Amino acid sequence: RRQKEHSEDFRAAMESVMGCGGNIPAERFSVIEKTLGPMWQSLPKNHLGRVEWRMLRYVTHRYFMQTSNLLVRGFEPVRQVNSSSLGTADIMHKHVPSIVDKFFTGADASQGFLLSDAVSLVAALEQLIFDSESKLLGNVYEKLQESQQESVSHETLFQLLESYIVHWLLDGEEEAAIQFALKNQTVLAEVLPHWQQIRSFLKGMIKSMEFERQRRPQPGHARVAMTHRYSFDEAHEA
């Protein structure tokens, strides 16, 4: 009974995180479970079919690497996990520290976790990451004095994404230092050794978006596809 209550409380907590950014379609949970399933089968479990926190952490890391090649900060495999360092996602520590303290430490963590718990954790992390990206992109729009309600040109989209990726890579740096770097490509190349490759990647990604829009125009958006203008949602997708 205690284990059942723990899982119900855990899923309720994850749902509260997901609720911050809106409702997640039920089919999304099915997709996550289908992806996690084969990994989950190979994990060592206790007599109740539950895995310990280290294994939940491992399978969550594997999920994000497999589906989006995304290394979630805090879930790095090389990070040591012990009583003083839980190895939880930094984004959860930042936004929902009380949930981290309740479910990943002490007696609650010792109950172990089910596949349904892993699905809830992954969905909650996806929502937190999405919300964090939206906020950062919105800030970049504001700094460049662009409206999120208006479409932007190909050139402006590149500028927005360039600023976004620099802010993301230099997270924690003073804004003045980031703005100085953005105005000087030489400085950026020194601070970010692979900066030219990153810029080439961004340009290629925008061209791929243009090609895809022209190849598969959405109903009523054929003219927009040909004018090479982009909405905030399309910038976020990029």
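Let's start with a charged pair: in this predicted model, Glu 175 and Lys 143 form a salt bridge whose closest N and O atoms are 3.7 Å apart. The pair joins distant parts of the chain, with Glu 175 in helix H9 and Lys 143 in helix H7, 32 residues apart. Glu 175 is partly exposed at 27% relative accessibility, and Lys 143 is partly exposed too, at 43%.

The count of salt bridges comes to four, among them these:

| Pair | N to O distance | Separation in sequence |
|---|---|---|
| Arg 73 and Asp 171 | 3.4 Å | 98 residues |
| Glu 162 and Arg 199 | 2.7 Å | 37 residues |

Arg 73 is partly exposed at 40% relative accessible area, whereas Asp 171 is exposed at 54%. Glu 162 in helix H8 pairs with Arg 199 in helix H11, and both of these residues are buried.

Now to the nonpolar side. The largest nonpolar core has 34 residues, and those touching the most other members include Met 14, Trp 40, Met 92 and Leu 125. Helices H1, H2, H3, H4 and H7 each give two or more residues to this core, and H7 gives the most, with ten. What does Leu 125 touch, leaving aside residues up to four places away in sequence? Its contacts are Thr 60, Phe 64, Phe 75, Ala 89, Ile 91 and Met 92. A second, separate core of 27 residues includes Leu 137, Leu 160, Tyr 164 and Ile 165.

Definitions and conventions: Residues are numbered from 1 along each chain as its sequence is written. This is a predicted model: local features need pLDDT of at least 70, side-chain atom pairs count only at pLDDT 80 or more; totals for chains, interfaces and linings use all residues. Side-chain values use heavy atoms; hydrogens and water are left out. A nonpolar core is a set of buried Ala, Val, Leu, Ile, Met, Phe, Trp, Tyr and Cys residues joined through side-chain atoms within 4.5 Å. Buried means under 20% relative accessible area, exposed over 50%, partly exposed in between (1.4 Å probe, protein chains only). Helices (H or I, at least four residues) and strands (E, at least two) are DSSP runs, numbered from the N terminus. Contact means heavy atoms within 4.5 Å. A salt bridge is a side-chain nitrogen of Lys or Arg within 4 Å of a carboxyl oxygen of Asp or Glu.
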